[in-house]
Each structure stands twice: as structure tokens, then as C-alpha cells.
Amino acid sequence: MGGILHTCIAVVVLLFAFVLGIAYIFEQKIQDLQNELASLKRKRSTSETKVELLDNTGSLFTRWGRSDCPTTATLIYKGYTGGSLYTHKGAASNYLCLPENPQWGTRSLNNFQAFVYGAEYENNFFGENALQQDVPCSVCKTKTGTNSVMIPARTSCYDGWTIQYKGYLGAGYHDHSASTEYICVDENVQFVPGGYENKNGVLIYPVVAKCGSLRCHPYIENKPIACVVCSN
């Protein structure tokens, strides 16, 4: 009788040990699965961060004289080049790229105003029959990199930079009242459809080098200044 009891106790102990072993194995498996899940969550978070960074890459530039972007960039919007009238003494100096689809606020005004006009090429230098044509523009975002720069007096980019477009410097006429800025007008200009009349506005002339404080050589007197827009 005592031998049977001892045998039963031994069996129970063995079963209990077996159950504990199984429980331990399941606990370890659960812990491994939890660790794997945590690792996958970290990888997902890292991947999402990388995707977000990729989405945030690119830099903005304005392509003057064109309503499209190069293949290395994405179009943000296109529109019309604008600015101040060339005879206005208190004119704003910068060119604007005004979108084709403006939106308007609710306020009105009837005095003490500034003005914005369209732009015209004032020389066939920019392209065949360009004189008096209205000037389109586009705002573009590069597909790679985070910086953009317009480099005057260059037709190519420096090492490590990607060309977006090239052309010639444009600005207002030196003897007009309104000041302007230098912009890079695309070498293959387009025109705003129907914008061939001489209505003036902000005017764009080619820019040439003048020797003196500007070193000649390497610059050349009265030579048109090229330009290039680069990204990195």
C-alpha cells in the first residue's frame, strides 16, 4: 500500500514538473513574441521617419520665362511674372510669380495703395519675337537635395550640384525709376498666350557686364551675363 502511494506521489510530482516546464516554455515564447513585436514597432517607426524625411526633401526655386518645370523637379504652381511699373519711384524691387488661379480676401481698399503689374520681355535677345511678350513663370520643387541657388555668370553647376535650368540674367533698365532684382530667365523662353501687346508693367532686359570694379578679365565689357539654377 505504501509503495503505491509513493508511486502516485512521484507521478504527481512529475506531472507538476511537466506542467511547470510547459508554462515556462510558453512564458519564454510570449516574451520572445513581445520582444519581436517591439522590434517590429521600432523598425516601422524608423521606416516612417525615413519616408517622412524623403517626403521633406527638395528645395524650391522659380523658373522665370517658363510655365513648366524641368524633369528634375515637380511643379508647385505656374503663373505670370509680375512686379512694379517701371516708372514708379516707390516701386517694390522684386519680381513675383503670380499664380493663374488667384484667391481673394474680403477686404477692400481705395487709397494709399501699391500696385502689381504683369511683366514683358523688352528685347528679342531672350527669344525669337520675344519683344513685348508677357512673361510666364513656374515655382518648382527639386526631387532631391535641400538647397537651390541661382549662380550668375555660369552655364553649369559646380561639382556636387545638379542643374535645374540655365539661361541669362534679366533685370530692369538701368535708367528707369523703379528698381528691380536680377533673375535668371530660361534660355528657352515661353510666352503668356495672348500677351503680345505693349502694355508695359515690370520690364525685363538682358544684363551685360561693365568693367571697372568688376574685373575684366575674366569678365568682358558689354557681354551678356549667363546664369544657372542649381540644387544640392
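Helices (H or I, at least four residues) and strands (E, at least two) are DSSP runs, numbered from the N terminus. With that in hand, color by secondary structure: the protein chain has one helix and 10 strands, in the order α-β-β-β-β-β-β-β-β-β-β. Keep in mind that this is a predicted model, where local features need pLDDT of at least 70, side-chain atom pairs count only at pLDDT 80 or more, and totals for chains, interfaces and linings use all residues. Residues are numbered from 1 along each chain as its sequence is written, and side-chain values use heavy atoms, with hydrogens and water left out.

**Stop one: Thr81.** Select strand 2 (residues 73-83) and pick out Thr81. Thr81 is buried, at 2% relative accessible area; buried means under 20%, exposed over 50%, and partly exposed in between (1.4 Å probe, protein chains only). Across the 232 residues of the protein chain, 28% count as buried.

Most residues other than glycine have a negative phi, and most peptide bonds are trans. Go to Phe112, in the loop between strand 3 (96-99) and strand 4 (117-121), where phi is positive, near 50°. Phe112 is exposed, with 81% relative accessible area. Next try Ala153, in the loop between strand 6 and strand 7: its phi is near 60°, and it is partly exposed at 33%. Then jump to His217, in the loop between strand 9 (202-206) and strand 10 (226-231). A cis peptide bond joins Cys216 to His217, with omega about -10°, and another joins His217 to Pro218, with omega about 15°.

**Stop three: the pocket.** Select Ala171, Gly172, Tyr173, His174, Ala178, Thr180, Tyr182, Tyr205, Pro206, Val207, Val208 and Lys210, and you have the lining of the largest pocket. On a 1 Å grid over the protein atoms alone, a pocket is an open set of points where a 1.4 Å probe fits, with protein on both sides within 12 Å along at least five of seven lines; lining residues have an atom within 4 Å of a point. The space inside is about 320 Å³, the volume being what probe spheres set on the points fill. Eight lining residues are nonpolar, three polar and one charged. Here Ala, Val, Leu, Ile, Met, Phe, Trp, Tyr, Cys and Pro count as nonpolar, Asp, Glu, Lys and Arg as charged, and the others, Gly among them, as polar.
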